[in-house]
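Let's take a walk through this model together. Have a look at the sequence and the 3D view first, then read on.

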Amino acid sequence: FTMNTGTIRTAVPADLDAITALEAVCFPPAEAAAREEFAARLAVYPTHFWLLEDAGRLVSCINGMATDEETIRDELFADASLHREQGAWQAIFGVVTLPEYRGRGCAAQLMERVIRDARAQGRRGCILTCKQKLIHYYEKFGYYNGGISQSVHGGAVWYDMRLEF
């Protein structure tokens, strides 16, 4: 399996368990979204989940909501009703890849798709938060570091990252 051989699609409610399991492998418990949170997100904005599959197995996922807010605040993670389908920004809440698939470009392939889709949807850009060690990764896609985020999700220090089109 290498970058560009997997299948990318948006989510359906039946993906709930696979998405929840992938998140649990990739984030510490305090930071991982719960099954109930994913169920609410999938009910409101399933087309804002991008899934990369290898022979039908979910190996990487990016999810988030559309919003008019220019940075991510913690309430956005918890309340799917804050999604605005015509929002100016594509917020990205999670970028996760199975450990055995990391380093193969899976997340990069999904990120490029998210950026392409957000641009095609007429958005101003994409926003996300990340830990300091990942700032350089997102900068490769054109994101810039807006400094320490107001988000205190999971008790971690996050940085606001923004990609403007």
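Y137 and Y138 are both buried, where buried means under 20% relative accessible area, exposed means over 50%, and partly exposed is in between (1.4 Å probe, protein chains only). Before we go further, note that this is a predicted model, where local features need pLDDT of at least 70, side-chain atom pairs count only at pLDDT 80 or more, and totals for chains, interfaces and linings use all residues. Residues are numbered from 1 along each chain as its sequence is written, and side-chain values use heavy atoms, with hydrogens and water left out.

Now for the rings. Rings of Phe, Tyr and Trp (its six-membered ring) pair if their centres lie within 6.5 Å; planes under 30 degrees apart count as stacked, over 60 as edge-to-face and the rest as tilted. That rule gives 6 aromatic pairs. Take Y45 and F49: their ring centres are 6.2 Å apart and their planes sit at 25°, so this pair is stacked. Y45 has a relative accessible area of 0%, so it is buried, and F49, at 0% relative accessibility, counts as buried too. Back at Y137 and Y138, the two rings make an edge-to-face pair, with 5.1 Å from centre to centre and 80° between the planes. Ring pairs also link Y137, Y138, F141 and Y143 into a cluster.

Next, the strands, which are DSSP runs (E, at least two residues) numbered from the N terminus. Two of them pair if DSSP finds at least two bridges between them. Here 5 strands make an open sheet with mixed pairing, in the order β4-β5-β7-β9-β8. β4 (66-67) and β8 (144-148) are at the edges with a single partner strand each, so one side of each has no neighbour in the sheet. β4 pairs with β5 (residues 89-92) in the antiparallel sense over 2 bridges, and T67 stands opposite W89 in β5.

Last stop: T97, in strand β6 (residues 94-97). With 8% relative accessibility, T97 counts as buried. Leaving out residues up to four places away in sequence, T97 touches several residues, including L22, V59 and R102, where contact means heavy atoms within 4.5 Å.

Note on methods:
Helix = DSSP H or I, 4+ residues; strand = E, 2+ residues; numbered from the N terminus.
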